[in-house]
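Here is a short report on one protein chain.

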Amino acid sequence: MSQTADGTFQAALAGAVLFNPDHHTGPRQVAAGFVILLLPYSVIGPFAGVLLDRWRRRQVLVYSALLRAGLVVATAGFLAAYGPTGVGFAATALAVIAVNRFYLSATSAALPSVVEDRRLVLANALSPTAGTVMAIAGAGIGLAVRAVAGSGNHGDAVTALVAAAGYACAALVATRLPPNSLGPAYPDTGDLRAHLRGIAGGMVAGARHLLERPRAANALAVVFGQRFLFGLWSMMALLLYRNAFHSEGILRAGLVGAGQAIAAAGVGLVLAAAVTPWITERIGKRRWIVLVTVGVALTTFLLGMPFTMPALIGSAFVLGGALQATKVCVDTIVQEAIEDDFRGRVFALYDTAFNLSFIAASVIGAFVLPADGRSLAALAVIAGGYGVLGVGYALAERGHPPIAPTAQLSVIGRFSRENAR
């Protein structure tokens, strides 16, 4: 329920900030939209775990959903009255995304409390995929509401109110759980300020530990590079849908067309998540990373060069699948290479840097991309960047033996328990 509402609210934000016919949208407006969506995750993410070890997670699910419902109603009010401008709109929209970080972290940490240990790996494999699918479904609901309510400020406000109703329903569902059922079993009662100060030191220690293990550092460099290039491509795609494309048959321009591209990327993501474990058992994680990265380098320029909607949807499918396939492998490599005592801190650093890579690409794209997104130079940089990443990773890993797994538990289950801890 919550992630469906997330998709609906993000559709409202995208419509208001990026595809509102009442407002001009250029590269800098697109970059601002990405910052609103991702910066709270990057800033708040490392601190969420400390607070979740002190609060009852069931209460976090209930009250954070209710808080988001109220904030989204306020956002809708600002949209209806003033449009997507002003401090009020930005503050409430950012607050919704920030509170969502706590909700998702609490859900992940609570999962071992409601699933048998023998089914935890399966539950963790299902949860993020299902969440992505429901967020895409929520975006579809938002697009449908916006089609009925209109594409101006009023329509965006109505779409946001539908998201608020979704958050309220999520809170209602969470109340069906007993207050103490999700933990923590032993709440942390230490000095909160000392814990928060210690986070910065812990992140530095995690970075040092990571740099001492080049296998993990090399893998992370690939996924960060891919995330940066995917961010630049996303900027270009949104500008094309906003300012260059025109609807052709079932392929639509504007926000609906961008939703079609996101759906194609989602299909690629799900397919990559399904086939990657099977493929890596046969050729290994490192070879699969190199293959998908170099493959994207070869296909991105060819599919992107015509600057047409069918080719761009194909490119979205390939890029979404490549990023997910790489991330699954990199998650596993990091889990295998990093010592248990540092794993939580390294993954907190990983999560933060992953989002900051996308934000950095958005900021750079704001200054180098034209208003309509048509840029062969940017397309060449994206394709060439993927090629450099693939070849560079292959050279960096040459001669290194595969990492021996440190335990039989899969990466997904182990990462979940790190979050719970």
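## Fold and contacts

Among contacts in the protein chain between residues at least 6 apart in sequence, 86% join residues at least 24 apart. Contact here means heavy atoms within 4.5 Å. This is a predicted model: local features need pLDDT of at least 70, side-chain atom pairs count only at pLDDT 80 or more, and totals for chains, interfaces and linings use all residues. Residues are numbered from 1 along each chain as its sequence is written, and side-chain values use heavy atoms, with hydrogens and water left out.

The protein chain holds 14 helices and 0 strands. Both are DSSP runs, numbered from the N terminus: helices are H or I with at least four residues, strands are E with at least two. Of the 421 residues in the protein chain, 49% are buried.

## Confidence

The predictor's confidence in each residue is pLDDT, from 0 to 100. The protein chain averages 83, and 86% of the residues score at least 70. Helix α6 (residues 153-174) has the highest confidence, at 95, and helix α14 (residues 411-420) the lowest, at a mean of 40. Residues 405-421 have pLDDT below 50, yet this stretch has 38 contacts in the model beyond near neighbours in sequence. Where pLDDT is low, the predicted coordinates should not be read in detail.

## The α9/α10 pair

Helix α9 (residues 254-283) packs against helix α10 (residues 285-304) at about 115°, with axes 7 Å apart. Axes are lines fitted to C-alpha atoms, for helices over the stretch in contact; angles run from 0 to 180 degrees between N-to-C directions. From α9, the contact uses Thr276, Ile279, Thr280 and Ile283; from α10, Lys285, Arg287, Trp288 and Leu291.

## Single residues

Relative accessible area sorts residues into buried (under 20%), exposed (over 50%) and partly exposed in between, with a 1.4 Å probe and protein chains only.

| Residue | Relative accessible area | Class |
|---|---|---|
| Thr75 | 0% | buried |
| Cys169 | 37% | partly exposed |
| Cys329 | 2% | buried |

Thr75 lies in helix α3 (residues 57-82). Its side chain joins that of Thr92 through a polar contact of 2.9 Å. A polar contact is a pair of N or O atoms within 3.5 Å; within protein, one must be able to donate a hydrogen and the other to accept it, and residues adjacent in sequence count only if both atoms are side-chain atoms. Beyond its neighbours within four places in sequence, Thr75 is in contact with Phe9, Phe89, Thr92, Ala93 and Val96.
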